[in-house]
Amino acid sequence: MAKSASNLKSGAVAKTEPSPKTGDGRTIRAPLTQNPHAIRDTREKVLEVAIGREVRAFRKKLGITVADLAAATDISLGMLSKIENGITSPSLTTLQALSRALGVPVTAFFRRFEEERSAVFVKAGEGLDVERRGTRAGHQYNLLGHIGSNTSGVVVEPYLITLTEDSDVFPTFQHEGMEFLYMLEGEVVYRHGSNLYPMKPGDSLFFDADAPHGPEQLTKLPMRYLSIICYPQSAG
C-alpha cells in the first residue's frame, strides 16, 4: 500500500494560476530570451573571432568601455573594435597589452578556439546508481550523466528516480539551484514550500530548490520521474 503523509487535506492542493489574457481572450505569453533553434556562428572556429569574443567578454566583466580599454592599452578605438569583432588579427604585442589591462594571461584569449565540447551518452538501464538524502527513505537515484567543468557556468545533474512499495515520503529536500521534475510513471502529490501539486505521467514541475520540497503522498506505485537539478559551477 502506498504510504502517505498525515494531515494531508485535499483543499491544500495548489492550483496553477491561469495565464494572463488580453481583452479578446488571447493568452499573453512572455517572450523567451533565447532561441532554442539558433545556430552558433561558424566563424567562432576562426582564431580572430575567438580572440575577439574573449577580449569583449573580459572587458565587460570588468565593467569598462572600449574607450577605457583603449586608454589603458594605447590601442586605438578603431583597432579595438576590429579586434573585438574578429576582423583583424592582433599582434603578440597587442595581445600582451590587452592581457595586462584586463588582468588575464595571454593564453586566456585562446581558450575557446577549437575548444572541445563534452557529451555523455547513457544507454537504457546503464545509469549510475548513487546515494542522496532520500536514499534512506527508499528512493532509488539513477544518475543519467554528469559533466564537470564546462563553459556554461552551471552544473546539471539529471536523475531517474524510482519509488516503490518500500519507499517513504520525504518532503524536506532543500538545496541550491533550480530543479525540474517530469513524471513518467505512477502518481504523487509533490510538495514545494507550502504548496502541493498532484502529478501524473506527463506532468512537470519547475522550481527553486532552496525551498523544502519532495513527495508528500505516494498515490500510485511504482513511480518514476526525471529530476534535473541545475546549480552554479563553483569558481574553484
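Predicted model: local features only at pLDDT ≥ 70, side-chain atom pairs only at ≥ 80, totals over all residues.

Start by selecting helices α1 (residues 47–62) and α4 (92–102). Their axes are 10 Å apart and meet at an angle of about 25°. Angles under 35 degrees count as roughly parallel, and α1 and α4 are therefore roughly parallel to each other. The crossing of the two helices is left-handed. To see the contact, show the side chains of Ile51, Val55, Phe58, Arg59 and Leu62 on α1, then Leu95, Leu98, Ala101 and Leu102 on α4.

Phe58 belongs to α1, while Phe109 sits in the loop between α4 and β1 (128–130), 51 residues apart. Phe58 and Phe109 are both buried.

Next, select strands β4 (residues 178–192) and β7 (residues 213–232), which carry Tyr190 and Tyr225 respectively, 35 residues apart. How are the rings of Tyr190 and Tyr225 arranged? Their centres are 6.4 Å apart and their planes stand at 80°; planes over 60 degrees apart count as edge-to-face, so this pair is edge-to-face. Both tyrosines are buried. The model has six aromatic pairs by the rule used here.

Finish with Arg132 and Tyr141. Arg132 lies over the face of the Tyr141 ring, 5.9 Å from the ring centre.

Conventions. Residues numbered from 1 in each chain as written. Heavy atoms only, no water. Phe/Tyr/Trp six-rings, centres within 6.5 Å; stacked < 30°, edge-to-face > 60°. Helix = DSSP H or I, 4+ residues; strand = E, 2+ residues; numbered from the N terminus. Buried < 20%, exposed > 50% of the residue type's maximum accessible area, 1.4 Å probe, protein only. Lys NZ or Arg CZ within 6 Å of the ring centre and 35° of its normal. Axes fitted to C-alpha atoms, helices over the stretch in contact; angles between N-to-C directions. Parallel < 35°, antiparallel > 145°, perpendicular 65-115°, else oblique. Left-handed = near helix turned anticlockwise from the far one by under 90°. Contact = heavy atoms within 4.5 Å.
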